[in-house]
Amino acid sequence: MTVSGGEKLNIGALGNMVPQLHMHVIARRSDDAAWPGPVWGVGTAEPHDNEALTVLVDTLRMKIAELPSYSY
């Protein structure tokens, strides 16, 4: 699958570190530090600056609001 900003999309449902089920959706590129292995535990975490984080959160909220709603 081609993904904006990535060459491969990994989707995993993991629950071994916390009790609830949660999903990880990770766009991968062949030049990332962990390619082709798992992303967990590779490299050093680099925090977003506050402005970049605000833009990311606002963009995600806008995209989620655009999703169709379903009623069952």
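Tutor: Ala-27 lies in strand S2, a strand being a DSSP run of E with at least two residues, and a helix a run of H or I with at least four, both numbered from the N terminus. This is a predicted model, in which local features need pLDDT of at least 70 and side-chain atom pairs count only at pLDDT 80 or more, while totals for chains, interfaces and linings use all residues. Residues are numbered from 1 along each chain as its sequence is written, and side-chain values use heavy atoms, with hydrogens and water left out.

Ala-27 counts as partly exposed because its relative accessibility is 38%; buried means under 20% relative accessible area, exposed means over 50%, and partly exposed lies in between (1.4 Å probe, protein chains only). The C-alpha atom of Ala-27 is 7.1 Å from that of Glu-7, although 20 residues separate the two along the chain.

Arg-28 also belongs to strand S2, which covers residues 22-28. With a relative accessibility of 3%, Arg-28 is classed as buried. Its side chain makes a polar contact of 2.7 Å with the side chain of Asp-32. A polar contact is a pair of N or O atoms within 3.5 Å; within protein, one must be able to donate a hydrogen and the other to accept it, and residues adjacent in sequence count only if both atoms are side-chain atoms. The Arg-28 side chain also reaches the backbone oxygen of Gly-37, at 3.0 Å.

Asp-32 itself sits in the loop between S2 and H1. Asp-32 is buried, since its relative accessible area is 19%. Pro-36 is found in the loop between S2 and helix H1, residues 50-65. A cis peptide bond, with omega of about 0°, joins Trp-35 to Pro-36.

Asp-32 also leads us to the largest pocket. Its lining comprises 10 residues, and those nearest its centre are Arg-29, Asp-32, Ala-33, Ala-34 and Val-39. A pocket is found on a 1 Å grid over the protein atoms alone, as an open set of points where a 1.4 Å probe fits, with protein on both sides within 12 Å along at least five of seven lines; lining residues have an atom within 4 Å of a point. The space in this pocket is about 190 Å³, a volume being the space filled by probe spheres set on the points, which are joined across faces, edges and corners.

Finally, the setting of this part is as follows. The protein has one helix and two strands, in the order β-β-α from the N terminus. Of its 72 residues, 8% are buried.
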